[in-house]
Amino acid sequence: MKKHFTALLVLSACVLGAHASPFAYVPNEKSGTLSVIDCETDSVVDTIAAGKRPRGLVVSHDGKSLYVSDQASNALLVVDLAKRAVVSKVALEESPEGVGISHAGDWVVVASEISNSVGFVSTDTNRQVFSVKTKGKNPEHAEFSPDGKWLYVSAEEADSVDIVDVAKREQVNSIKLGERPRGIGFSPDGSRAYVAAELASMVYVIDVPKQSLIAQVKAGKFSNGVAVHPDGRHVYISNGKDASVSVIDTAENRAIATIPVGKRPWNMAFTPDGRKLYVANGRSNSVSVIDTQSNQVIKEIAVGELPWGVVVQ
């Protein structure tokens, strides 16, 4: 009887583990909170206090920590996801915004607008080890290439994307694009980078090995957020002024669909299986959930004020 009961417990644990659902975390810039969304029910299940103006965020590779930039305190907040609470702060340079993480998981990077720099924070010590100055003014997003060699940095007051050599710890190139570049995404194989330029309402396709521009794709008005589907066949672009998301076919480099969402969509994130895309609607105080099979919104979730983006873990 005891063996049978133990077997049932093990089976139950396996079943629960197999059906474990990821969570989406949404920084609400005006509310100073993070909304926690259960991706199975698409409902808010918790709210975490997170400074005064949380913006960019990433999850550690072990899934235990969430790193969130807080513009008001010039700090990177470290959230313990088991406790769902801020457990430490890392001092940064002025006006931190976009946050990225290396594919090895050893570095978290934060683009700081006023200081025109990107800070490198060690995930081992939770301390900023060094920073790299960028040529573009007001850097907003910073994303590592999949091989970890390059860091692409976009700047709001620029018409180019800056490229940092991670090993050398310095900027080594700059690729001219359209006005006000913002979101950045890499193809899964690292061969292409996609950068949305807001005032140009375009998406620029970069050959990563050659560090050269190879295509430009018309998106909606004020294109800003970029999310590359895990299979690499489509890139989703949020269009702030259109209240829409464009779907780009990466083989043909053209937009094939437009999906209406909430007002002022910003940054986005996929579930690990790529079946859902979560879009932060800054002016609607909501998150739109897109079914990527049908490219239709299946739910709109109310969150805090001025949601900046989403990360899913």
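**A look at the largest pocket**

Author: Happy to! The largest pocket has a volume of about 1,200 Å³. A word on the terms: on a 1 Å grid over the protein atoms alone, a pocket is an open set of points with protein on both sides within 12 Å along at least five of seven lines, while a cavity is a set where a 1.4 Å probe fits but cannot get out. Grid points are joined across faces, edges and corners, and a volume is the space filled by probe spheres set on the points. Please keep in mind that this is a predicted model, where local features need pLDDT of at least 70, side-chain atom pairs count only at pLDDT 80 or more, and totals for chains, interfaces and linings use all residues. Residues are numbered from 1 along each chain as its sequence is written, and side-chain values use heavy atoms, with hydrogens and water left out.

The lining of the largest pocket is made of 37 residues, where a lining residue has an atom within 4 Å of a point. Nearest the centre of this pocket lie Ile101, Glu143, Met268, Ala269 and Val311. By class, the lining has 22 nonpolar, 14 polar and 1 charged residues; Ala, Val, Leu, Ile, Met, Phe, Trp, Tyr, Cys and Pro count as nonpolar, Asp, Glu, Lys and Arg as charged, and the others, Gly among them, as polar.

Several strands, including strand 4 (54-59), strand 12 (137-144), strand 24 (265-270) and strand 28, each give at least two residues to that lining. Strands (E, at least two residues) and helices (H or I, at least four) are DSSP runs, numbered from the N terminus; the protein chain has 28 strands and 1 helix.

An open sheet of 4 strands has the order 3-2-1-28, with antiparallel pairing; two strands pair if DSSP finds at least two bridges between them. Strand 28 (311-312) and strand 3 (43-49) are at the edges with a single partner strand each, so one side of each has no neighbour in the sheet. Within this sheet, strand 1 (residues 23-28) and strand 2 (residues 33-38) run antiparallel and are joined by 6 bridges.

Strand 12, strand 20 and strand 24 each give two or more residues to its lining.
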